[in-house]
Amino acid sequence: MVRRVIAGAVLAGTAALAVAGCGSEEKKEPPEVAWAGKLCGISAQLPSMKVPELKAADALTSKKSLVQLMGDISKRMRTFESEMQKLGAPPVSGGEQLFKDAMTNLMQTRSTVSTASMRLEKTDVKNEKSLRKAVDQMGEAFGKFQTYQGPQQDFGKNAELKAAFAKAPACKTGAS
């Protein structure tokens, strides 16, 4: 009888260890995949922006709407910069330089958008020449913003990170 109790206890203990062991066998993501997922997650947390409706008949309201949009874009990019700084460089060979390059591109793009927004905000909509110049600068800023695909483009130059972005679940949801 004692043998059965001991055998039962041993079997129960073995079963408990086997179940506990199953949990520890889960594969962890490689560090570069986890890092890529966190970077993509930053974008997913940013609020969406509303594109304003512009009315040619009301230049002042349209100007205010465009200034607001560009301010929102700049704010979003500044938030992304801050969160990316917290995340730090990717855990790959050459990661520090990739990080510096990506931050530089992000900050330069944000600066272009912010500068165009400030110029447009100061422009008198009744002064056609000044308004045209500010709108042209805004168009250039939007062009730069539209062609800039974000830090993921910069980090994607590294084969390890490119593969990591493809594997990270947060990046597959279109969050980046």
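The model is a predicted one, and its protein contains eight helices and zero strands, which follow one another along the sequence in the pattern α-α-α-α-α-α-α-α. Of the 176 residues in the protein, 34% are buried. Among contacts between residues at least 6 apart in sequence, 74% join residues that are at least 24 apart.

**Confidence of the prediction**

- The mean pLDDT of the protein is 77, and 78% of the residues reach a score of at least 70.
- Among the elements, helix α1 (residues 2-24) has the lowest mean pLDDT, at 39, whereas helix α7 (residues 159-167) has the highest, at 93.
- Over residues 1-25 the pLDDT stays under 50, and for this stretch the model has zero contacts beyond four places in sequence.

**Packing of α3 with α4**

- Helix α3, which covers residues 59-87, packs with helix α4, which covers residues 95-122, at an angle of about 160°, and the two axes lie 9 Å apart.
- Because angles over 145 degrees count as roughly antiparallel, α3 and α4 are described as roughly antiparallel to each other.
- The crossing in which α3 passes α4 is left-handed, and the contact between α3 and α4 is made up of 15 nonpolar, six polar and five charged residues.

**Packing of α4 with α5**

- Helix α5 spans residues 128-147, and its axis comes within 9 Å of the axis of α4, the two crossing at roughly 160°.
- That angle makes α4 roughly antiparallel to α5, and the crossing of α4 and α5 is left-handed.
- On the α4 side, the residues that meet α5 are Gln-108, Thr-109, Thr-112, Val-113, Ala-116, Arg-119 and Leu-120.
- On the α5 side, the residues that meet α4 are Leu-131, Ala-134, Val-135, Gln-137, Met-138, Ala-141, Lys-144 and Phe-145.
- By class, the residues in this contact of α4 with α5 divide into nine nonpolar, four polar and two charged.

**Glu-81, in helix α3**

- Glu-81 belongs to helix α3, and with a relative accessible area of 7% this residue is buried, since buried means under 20%.
- When residues up to four places away in sequence are not counted, Glu-81 touches Met-103, Leu-106, Met-107 and Arg-110.

**Gly-150, in a loop**

- Gly-150 is found in the loop between α5 and α6, the latter covering residues 151-155, and at 11% relative accessibility Gly-150 counts as buried.
- Although Gly-150 and Phe-80 are 70 residues apart along the chain, their C-alpha atoms are separated by 9.8 Å.

**Lys-172, in helix α8**

- Lys-172 is found in helix α8, which covers residues 169-172, and its relative accessibility of 58% places Lys-172 among the exposed residues, because exposed means over 50%.
- The C-alpha atoms of Lys-172 and Cys-40 are separated by 8.9 Å, while the two residues are 132 residues apart along the chain.
- Leaving out residues up to four places away in sequence, Lys-172 touches Ala-166 and Lys-167.

Methods:
Residues numbered from 1 in each chain as written. Predicted model: local features only at pLDDT ≥ 70, side-chain atom pairs only at ≥ 80, totals over all residues. Heavy atoms only, no water. Axes fitted to C-alpha atoms, helices over the stretch in contact; angles between N-to-C directions. Helix = DSSP H or I, 4+ residues; strand = E, 2+ residues; numbered from the N terminus. Parallel < 35°, antiparallel > 145°, perpendicular 65-115°, else oblique. Left-handed = near helix turned anticlockwise from the far one by under 90°. Nonpolar A, V, L, I, M, F, W, Y, C, P; charged D, E, K, R; others polar. pLDDT = per-residue confidence, 0-100. Contact = heavy atoms within 4.5 Å. Buried < 20%, exposed > 50% of the residue type's maximum accessible area, 1.4 Å probe, protein only.
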